[in-house]
Amino acid sequence: MTVLQRLKPRFWDHRDAASGVDKHSFNLRRIWYLSVLLTAGAALIPLCLLAAIDYQMTQKAIESENVLRISRLVSNTRRSLAFLLIERRHALQFLVRDNPLGELKAPGRLAAILKNLQESFGGFTDLEIIDAQGRQISYSGPYDLANRDYSHQAWFAEVVQHGSHTSDVFMGYRQIPHIVIAVTHQPPTGPFYVLRATLEAERFHRELLGLEAGIGGDLFIVNTAGVLQTPSKNYGGLLEKLALPIPEYVETTQTFETKSPAGEAVLIGYAYVAQTPFVLMAVKTKDDLMQPWNKARRQLIAYLFFSGGSILLVVLAVPTYLVSRIRAADRTRVAALHQVEYANKMASIGRLAAGVAHEINNPLAIINEKAGLVKDLLLLQQEDSAALRPKLLAQIDSIQAAVKRCATIIRRLLSFARKSDATFDTVDLKSVIESVIGFLGKEAEYRGIATRIDIAPNIPSFPSDRGKLEQIFLNLVNNAFAAMADGGHLTFQGRRLSEDRVQVAVIDDGCGISPEDLKHVFEPFFSTRTKQGGTGLGLSITYGLAQEIGGSIDVESQVGKGTRFILTVPLNPPERKNENA
Amino acid sequence: MKTLSVLLVDDEEDLVTTLAERLVMRGIEAKWASTPEAAFEMLNQQRFDVGVLDIKLPRASGIEIKRKMESMAPGMKFIFMTGHGSEKDFERGSAEAGASNYLLKPVDIELLLTKIREMA
C-alpha cells in the first residue's frame, strides 16, 4: 500500500448506496474539492497578495532609503571637501591682501608665511608669487623652482580669468600626490599678481577614507576627465582612468544606477565640487545595499511558507473531516432507510398476511364443514351407500374446489413476496393491477368500494419490473383505501402518452390532501396518519420504486374531492446504469 | 327439549349451507342466508333463538347486522365467526358479543353446538 493510498480518506471512492427512497447521491469528492478550493482560495489569495504588496513596498522603501543615504553621504562629503578647499583658498586670499607685494618679495617673508601655514593648516608644501606676465617673482619651498615662467600654462590663463584656480591632482617630485591652489590679487595701484600654493592631496584621501568606512562602499574623487584624484577601492588607483562613466554636470547631488565592469549592479551617488575640477563619487553594489532587504525578504518568504503551509493543512484537514462526517452520516442514513424500507415491506407483508388469512380461512372452513358433513353422513345417516354416493361425491368436489382456491391464493402470495430485484419481464398493465386488486378486493368488497380498471387498448405488454409495479400499485391502493370512506370509488386509468411512455392514474374520491401537505407527500417520514400507524414511508418508497423502473410519479389532489396519483412508466426499460456509478 | 332455531349468515354459500345441514342433522332448526338483506327477510318471517354471523360481509359488518337484528328480534342471542383473525376484528367482535362467543374459522361443529345450546 503506497503512502498515497494510506492517506486517501475513505470517502474518496465513496459510492452512494442509497436506492429507492431517496436518490440524492452526494458526490463527496466534488464537495471536498470545492470546499478545499474555496477555503484555500479565500485564505491564501489575500495572504499572497499581502505578502506581494509588502514585498514590493519594503523593496521600494529600502531602495529609496539607499538612494537617500548615499546622496546624504555624498552631499555631506562634498560640503566638507569644498570647505577644505575654500578655507585654504581664503587663507591665501587673506595673505595676498594682508601682505603687500613688496613684503612678499622680501627674503624670508614667504618662508615665514609658509611655516605659519604649515603649522596652522598643514599640508602646504610650497608657496610662490607670480607676476602678471606669468613670471615667478618669489618661491619658498623644499624644491629648487625659482624663476619659472608660467605664462603659457592653462592654469595661469584660468587664474587670470577667474581670480582663482584649483588644479587636478598630480604627482609631485617626491612621488606624492599634490594639488595646486592659486589666487590673484589686484592691488590698488600697479599690476595684479598671483599667489600659488602646492598642497599635499593625501589630506583629501584621508578625509574620504574615514567617511568611506561609514558606508562600507567606495568613496573617491575623480576629475571631469575621468581620472581618479584619490584611489578607489575597486575601480582604479590614483591617477588612473576610472572604470565607471562620469555623469554630466549638475549642480545638486544625484544618484544613478549602472553596471560595474565586473557586471555588478551598482548605485552611484555623485556631486560636482564647485570651482574645482572634482567630482565626488560614492559607489556601492546593489548586493551590499540590499543585504538588509534580503534578510527581511527571507524572513517574509519563510513566514509566507509557514503560514501558507499551516493554512493548507487546516484547509485540507477540515473538509476531509467534514466530508468524512457527511459520509458517515450518509451511510447511517442509507442504513436507516434500508431498515425502514425493510420495515415497510414487513408491514406490507403483515397487511397481506391478514388478508390472506381471511382468504384461506374461508376455503379451509368450507373443507372443514364438507369433510365434517361426509363424516356425519357416514356415521349418522342410515341410508345405503349407493344412495349416499352422489352426495358424498358432491362434497368431495366442493373440497377440491376449496383446495384449489387456497392454492391460487398461495401462488399469488408467493409471486408477490418474491424478492423483486428489478428483473424485467414482459408485463401486462391490466393483469398487474388485477393481481393487486386480488389482494385487496375483499376489503374493497366489504367496504363497498367500487374499483374500475380502465386501460386503453393501445397499451401493449412491455418489459418492466413486475414486482416493483405491484408494490407501487399496492401502496397507492392502500393509500387510497385509507383516504376513502366506505362506498368510495377507485379508478385505474391507463393511457399511452407517447410512443414510449405510458401513464396510469390511480384516482380515488377520498378526503383529499391539503395543498401544504401535498408538497411533502413524497418526503420520507412525512405522514398525516402517524397516530394510525403510518410510517410516513409508503409514498417515499413508492416514489423511489417508480424511479427505479425508470418512471416518475406525480400527485394532484383537492380536499374533499379526492386524489389522483399519476404514474408514468417507460415502455422500454431504462438502461441499468446507476449500478456502479 | 325444545328445538332450537338458528340463523346462519355468511357470504360463503358453500360454507353456510353445509354448516346448516350439519346442524339440522344434530337436531337444530338451522336456516341460512348469504346476504344481510336475505337474513333480514328471514327474520321478518320467523323468530330465531341464535344468530351465527360472519364479521366481514360485503357492504355490512356482522356487528351492524347484529344491531339491526337485535332491534327486530329482542332477546335473540348472537355468535360471531371470522376467518380474518386480526386483532382489531377480535377486539371489536369480543366487545360486541363477548370473547367466548367469538369463533375463528374453521369452526368446530361440536363447539358451535355447545355454544348455541348454552346461549339459548
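## Basis and overall fold of chain A

Two residues are taken to be in contact if their C-beta atoms, placed from the backbone, lie within 7 Å. By that criterion, residues 24 or more positions apart account for 62% of the contacts in chain A with a separation of 6 or more. The model is predicted, so local features need pLDDT of at least 70 and side-chain atom pairs count only at pLDDT 80 or more, whereas totals for chains, interfaces and linings use all residues. Residues are numbered from 1 along each chain as its sequence is written, while chains are lettered from A and ligands numbered from 1 in the order in which they are written.

Chain A holds 13 helices and 17 strands, these being DSSP runs (helices H or I, at least four residues; strands E, at least two) numbered from the N terminus. Of its 581 residues, 30% count as buried, meaning that 20 or more other C-beta atoms lie within 10 Å of the residue's own.

## Strand β6 of chain B

Strand β6(B) (residues 77–82) is largely enclosed by the rest of the structure, because five of its six residues are buried. It pairs in the parallel sense with β3(B) (residues 50–54) over five bridges, pairing requiring that DSSP find at least two bridges; here Lys77(B) is the bridge partner of Val50(B). β6(B) also pairs in the parallel sense with β7(B) (residues 102–104), over three bridges, and Phe80(B) stands opposite Tyr102(B).

## Helices α10 and α11 of chain A

The axes of α10(A) (residues 429–447) and α11(A) (residues 466–483) come within 9 Å and cross at roughly 35 degrees, the axes being lines fitted to C-alpha atoms over the stretch in contact, with angles running from 0 to 180 degrees between N-to-C directions.

Notes
Buried ≥ 20, exposed ≤ 12 C-beta atoms within 10 Å, placed from the backbone.
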